[in-house]
Amino acid sequence: MSFAPFAVAAWLFVIGLYGIVTSRHLIHLVICLSVVQSSTYVLLLAIGYRTGAAAPIFVDTKPGAPAVDPVVQALTLTDVVVGATVSALLLALAVQVHKASGTFDPDELDTLRG
Amino acid sequence: MSLASRRTVFLVAAVGFAALFLWGLAGLPDFGAYDGVYGETLNRVALRQRHATNLVAAVTFDYRGFDTMGEEYILFAAVVGVAILMRAQRDEEEDAPDDDARDRLTPRTSDAVRVLGLGVFGPIVLFGIYVVAHGHLTPGGGFQGGVVLATGVVLVYLAGRYSALRGITPGASAEFAEAAGAAGYVGVGLLGLLASGTFLFNWLPFGTTGLLTSAGMIPFINLFVGLEVAGGFVLILTEFLEQTLVVREVDSGGPEGKRERDRS
């Protein structure tokens, strides 16, 4: 089962994308987008993992002791926070769309209104 | 496009993705058999080079400091976008905050939530400050600590009322914290430019490994990022709350509505 985390990443990506493609509600769409996004976190962390290695925090371990990759962790941690604010931006758009058109269904938003 | 045809397009794309994914997986080392060059090198040299025991923070705020600045400005732009989108629109006005939804009955906050919220507020804020300040030593840093700090403000709203939330973040303090954090990051970069000719150069003495004063500029960047993230999240929270509690559609029959209509 050494590929299981990669399979989880792929599954999250595909199922999130399926949700986006078939979405009938803008809020649901934003949540699906963050599911797709979280697949990249699983993939990054899985690539950086090494069996038996510790976290890359050298408080009580010596430098050179086996540790997992700190680069992918740094990439993931900034994106978790940035992703949350981008989700907030998309939700704000959804709120204004609902005010302007009275619907959350993307299929009913087929005309542009000024 | 109909739902059925969308599903068909998705299915074709998913099969293509599965093929590419399996092909890529075949060339990937097994899970746990990591052999990356960058992480391996950093794990060997970073502690000696930067005196920061949390290598993730050393990567985020030093080795990849310039990239993180870009990420921080994505965050900044997203928060500004939320603030702009959530302003009162042409047919709306801002009313005195009303904690109760107008179209349904809302139960009042239970005493248990009040007591717990107020009791936990202090420890949460202290913990947030701790996580920001020790970012270069132990797991944590500006991004995580900033979110913890913003959680404290959420607790005030949960345990009290909207006016209590505005009481601890008066006026434009959240906006100010966010802007100061974003500007502070660039300021640290410019100091590096002045001191050594390289933007974001870590020119401060690295100090003794394991102490709060170690790792040169990393704690300062952590501090500014914490300020920006906390300010940004509080601002987002306030904007969404105002949408339900403060912003009201102008009654089209009233004089306000008429004036608004005339203007537009």
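**A note on the two chains and their spaces**

1. Between chain A and chain B the count is one salt bridge, where a salt bridge is a side-chain nitrogen of Lys or Arg within 4 Å of a carboxyl oxygen of Asp or Glu. The partners are Glu40(B) and Arg50(A), whose side chains meet at 2.5 Å, N to O.

2. A word on how to read this: it is a predicted model, in which local features need pLDDT of at least 70 and side-chain atom pairs count only at pLDDT 80 or more, while totals for chains, interfaces and linings use all residues. Residues are numbered from 1 along each chain as its sequence is written, chains are lettered from A and ligands numbered from 1 in the order in which they are written, and side-chain values use heavy atoms, with hydrogens and water left out.

3. Now the interface as a whole. In chain A, 51 residues are in contact with 52 residues of chain B (contact means heavy atoms within 4.5 Å). About 4,600 Å² is buried between the two chains, and carbon and sulfur atoms give 73% of that area; buried area is the accessible area (1.4 Å probe) that two parts lose on being put together, summed over both.

4. Have a look at Arg6(B), found in helix H1 (residues 3–26) of chain B; helices are DSSP runs (H or I, at least four residues), numbered from the N terminus. Arg6(B) has a relative accessible area of 15%, so it is buried (under 20%, with exposed over 50% and partly exposed in between; 1.4 Å probe, protein chains only). Leaving aside neighbours within four places in sequence, Arg6(B) is in contact with Val21(A), Thr22(A), Ser23(A), Asp107(A) and Met1(B).

5. Next, the second largest pocket, with about 390 Å³ of space. A pocket is an open set of points on a 1 Å grid over the protein atoms alone, with protein on both sides within 12 Å along at least five of seven lines; lining residues have an atom within 4 Å of a point. Of its 20 lining residues, Leu149(B), Ala177(B), Leu227(B), Ala230(B) and Gly231(B) lie nearest the centre. H9(B) gives the largest share of this lining, seven residues. The lining divides into 16 nonpolar, four polar and no charged residues.

6. Finally, the structure holds one cavity of 30 Å³ or more, a cavity being a set of points where a 1.4 Å probe fits but cannot get out. Among the residues that line the cavity are Phe61(B), Asp62(B) and Ile221(B). Helix H3 (55–63) and H9 of chain B each supply at least two lining residues.

Key
Points joined across faces, edges and corners; volume = space filled by probe spheres on them. Nonpolar A, V, L, I, M, F, W, Y, C, P; charged D, E, K, R; others polar.
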